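Please look over the sequence and the model, then read the points below.

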Amino acid sequence: MIIQTGMRTDIPAFYSEWLINRIKEGYVLVRNPYNPSQVTKYSLSPKVVDLISFCTKNPAPMLNKLDYLKPYGQYWFVTITPYGADIEPNVPPKEDVMNSFKILSKKIGIDKIGWRYDPIFIDRKHTVDWHIKTFREMAENLSGYTKTCVISFVDIYKKVERNFPLTTEVSKSDRILLGKESIKIASENGITIKPCAEGDELSSFGADCSGCMTVKTFETALNCSLDVPKKKTNQRNGECACLLGSDIGAYDTCIHLCRYCYANSDPDLAIKNHKMHDPKSPFLLGRSEPGDIIHEASQKSWINNQLRFDL
């Protein structure tokens, strides 16, 4: 099976010590975000966890802890955008993140790491031309360290609307123009563009619209085939084809405090929760409470031990 770490918070950036403690103890407890008394216990044994998937804006805190991940397959998506502290208050400068990206790529291999340039939004400062220019600079910097760049355009979720009220959806004409240019630039640097939950409107220009965290993504990282149980994986209005796995994070705990974030309902709450975090707890946030109903997840390896020579 696959364990996800990054759909609800940024574990590598802010909770790396906790993750390593969980790996050492061999399990993690995760609250259902919509029914907090329901708790799932996941084994982190390499016998049942084939791969750990990461989504982060700052892999640096994990770079000296990678030995703990050796028993597992791994795949990393590192989000690197050119926005400033007015948009991403606590994200390191893009130059620092790109350096960490290149170190990580060298350590784990180019098939186990992808770059995310998202979300893309347009305003007076961050114009279409500005995005094209900065994307070119970043693609040239990361050339040879990844084969994949995921792009997506900002979605106006309720949380985004509340925390980033001046942003608006990107027009179709701007999506097409930015998509075409990014595909061209990426191709020149040995990188394939994969739109995230954007339909197939960019496929005719050379984008791979099959999804970004697909079974094939993970099979390539593992260099073997997976027998994945049939399950509904689509999210975001059915436009996502990704295998999202079982997420061990918690909402309202990421203190990057990006203004477009969908995972924080309130920046002050995220800061408060981060201060309450105990790296020794089996929960990322809090501890066991009276009335908790804990059930053990049904887990097994999906690896079928057949090499995938077509990857």
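Arg-22 is buried, with a relative accessible area of 0%; buried means under 20% relative accessible area, exposed over 50% and partly exposed in between, with a 1.4 Å probe and protein chains only. The model is predicted, so local features need pLDDT of at least 70 and side-chain atom pairs count only at pLDDT 80 or more, while totals for chains, interfaces and linings use all residues. Residues are numbered from 1 along each chain as its sequence is written, and side-chain values use heavy atoms, with hydrogens and water left out.

**Salt bridges**

- The buried Arg-22 meets Glu-25 in a salt bridge of 3.0 Å, N to O; a salt bridge is a side-chain nitrogen of Lys or Arg within 4 Å of a carboxyl oxygen of Asp or Glu.
- Both residues, Glu-25 and Arg-22, belong to helix α2 (residues 16–25) and lie 3 residues apart, about one turn of the helix; helices (H or I, at least four residues) and strands (E, at least two) are DSSP runs, numbered from the N terminus.
- Glu-25 is partly exposed, at 47% relative accessible area.
- Arg-116 and Asp-118 form another salt bridge, with their closest N and O atoms 3.1 Å apart. Arg-116 is buried at 9% relative accessibility, and Asp-118 is buried at 10%.
- Arg-287 and Asp-278 meet at 2.4 Å, N to O, in a salt bridge. Arg-287 is partly exposed at 43%, and Asp-278 is partly exposed at 24%.
- Across the whole structure, 13 salt bridges are found.

**The sheet**

- Seven strands form an open sheet, in the order β8-β7-β6-β5-β4-β1-β9 and with parallel pairing; two strands pair if DSSP finds at least two bridges between them.
- β8 and β9 (246–247) stand at the edges with a single partner strand each, so one side of each has no neighbour in the sheet.
- β5 (residues 73–79) pairs with β6 in the parallel sense over 4 bridges, and Val-78 stands opposite Trp-115 in β6.
- Helix α7 (residues 215–222) packs on the sheet and touches β1 (2–4), β4 (51–56), β5 and β8; contact means heavy atoms within 4.5 Å.
- The direction of α7 makes about 120° with that of β5; axes are lines fitted to C-alpha atoms, for helices over the stretch in contact, and angles run from 0 to 180 degrees between N-to-C directions.

**Nonpolar cores**

- The largest nonpolar core has 73 residues; such a core is a set of buried Ala, Val, Leu, Ile, Met, Phe, Trp, Tyr and Cys residues joined through side-chain atoms within 4.5 Å.
- The residues with the most contacts inside this core are Trp-76, Ile-80, Trp-115, Phe-135 and Ile-248, and α4 gives the most to the core, with 6 residues.
- Leaving aside residues up to four places away in sequence, Phe-135 touches Trp-115, Tyr-117, Cys-149, Ser-182, Ile-185, Ala-186 and Ile-193.
- A second, separate core of 10 residues includes Phe-121, Val-154, Phe-164 and Ala-263.

**Helix α6**

- The 17 residues of α6 (residues 172–188) should span 24 Å at 1.5 Å a residue, and the end C-alpha atoms are 24 Å apart, which agrees; the expected span is 1.5 Å times one less than the number of residues.
- Buried residues of α6, among them Arg-175, Ser-182 and Ile-185, pack against β6 (113–120), α4 (128–142), β7 (148–153) and β8 (192–195).
- After α6 comes Gly-190, whose phi is positive, near 70°.
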